[in-house]
Amino acid sequence: MGTKKGCQPSTFKCMRADMSIGILKELITSERRVIANPETVKALCDLGYVVIVEGGAGEAINISDQEYMLAGANISDAETIWNNCDYIIKYKAPIPEEYNRIQEDQHIFAIFHAEDNEDLIRILLEKKVTAVSLEFCHDGNSFCLAKAGGAMAGRIAAIYALYHSLLPSGRAGKIICNDKSINPVTNALIIGSGNVAKAAAKTFIENGCEVTFLVSGERSLDKLKTEMFDFDFNAYINEPKRLTEMLKVADIVIGAILISTYDTPTMISEDMVISMKRGSILIDATAGYGPGYIETFAHNTNLRDPYFYLHDVMHIKIDNLPAAAPISSVAYANEVYRPYLIECFQHIQSSGIMSETFRNGMITENGEVTHSVIKHHQEILQWNF
């Protein structure tokens, strides 16, 4: 292609925009992750694409520009990447400071979480962006790309609970570990049975907790017992009476249901939270929109200010838990994402369209909302497009 690796932004020219992929540095405060590590960049370069990485994109997790260049990437600045690349891949959705850089008919792959972001959807529609929300990508069996973030979120949610059981932030005042001589019995209640729930459970079990799952039905129960065969736990179908009683004795509660949004029925009411132990910890690990199924979450928390207390119960609802461990999260996410990205860009080369997995994650195309979940929120939030 005649491009020079490591060239200065002022001299960079992308000769075939439809064959170029841009990797951007994230601008969100406390977000240190980068969507593609050098191994993934090399795989995309090996397909024949020009890959342009923003300078410093990986420095917060100890990946240097030199490593990206050795993998075959060009290094440039954000403006050049936005202006020249047809395909933009990033961790999080563009933020308002980036809206004016989005180009007409551009393709953007990101974890959009756009269900309550009317302004972003409007921009995507106005600029006829083909937007793929990675958490919606489905390979016919599962939301295959969500596996990475879910597993990390579950592990980190459990670690937060273990840490905040200590003083001064926590009120339980105990160490939770696998040494029974110093660790009183700790009851961890997990609502859900997906990737987040299983990852949290494994962390709790490894640290000596008594774990109980409440799941949606017999099918989920059977699947959980098969997938967690090597671990000791209790599991039951989630019924209101059982949930009410178990909340009263739980030291830690992890909410890990798949869908939680503005019109999701309340599962855990304020009265149920009042009945919980003083100093217990309640974490909404999947962090949906609005209060969702847990009535007492009037607002989210964040990595800098991770909790609040209500009725003597610690509440944690952080929508980017994997960002608390960016090095681990990037390494694991790339192991999960890489084969699907390779498949997608091979498909683009051979047929001109994305793979079915990525098309299943598409939320806008040609000025239209294309995904049912976004359409649902457009209706319940009364967006006027």
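Start with helix α6, residues 146-163. This is a predicted model, by the way. The helix has 18 residues. From its first C-alpha to its last, α6 reaches 26 Å, close to the 26 Å expected at 1.5 Å a residue.

Which residues of α6 are buried? They are Ala148, Gly150, Ala151, Met152, Ala153, Gly154, Ile156, Ala157, Ala158, Tyr160, Ala161 and Leu162. And what covers them? The cover includes helices α7 (195-206) and α11 (326-351). It also includes strands β10 (252-255), β11 (281-284) and β13 (313-316).

Now the cores. The largest nonpolar core has 42 residues. Phe109, Leu134, Tyr337, Phe345 and Phe358 touch the most other members. Several elements give two or more residues to this core, among them β1 (20-23), α1 (38-46) and α11. The largest share, eight residues, comes from α11.

Look at Tyr337. Leaving out residues up to four places away in sequence, Tyr337 touches Ile35, Ile111, Leu134, Leu145 and Ala148. Ala148 is one of the buried residues of α6.

There is also a second, separate core, with 38 residues. Its members include Ile156, Ala161, Leu162 and Val215.

Last stop, the surface. Tyr163, Leu166, Ile175 and Ile182 form a nonpolar patch there. Together they have about 380 Å² of accessible area. Find Ile182 in the loop between α6 and β7 (187-191).

Methods
Residues numbered from 1 in each chain as written. Predicted model: local features only at pLDDT ≥ 70, side-chain atom pairs only at ≥ 80, totals over all residues. Heavy atoms only, no water. Helix = DSSP H or I, 4+ residues; strand = E, 2+ residues; numbered from the N terminus. Expected span 1.5 Å × (residues − 1). Buried < 20%, exposed > 50% of the residue type's maximum accessible area, 1.4 Å probe, protein only. Contact = heavy atoms within 4.5 Å. Core = buried A, V, L, I, M, F, W, Y, C linked by side-chain atoms within 4.5 Å. Patch = residues over 30% accessible without salt bridge, like charges linked within 9 Å, V, L, I, M, F, W, Y side chains within 5 Å. Areas by Shrake-Rupley, 256 points an atom, 1.4 Å probe, with all protein chains shown as cover. Salt bridge = Lys/Arg side-chain N within 4 Å of Asp/Glu carboxyl O.
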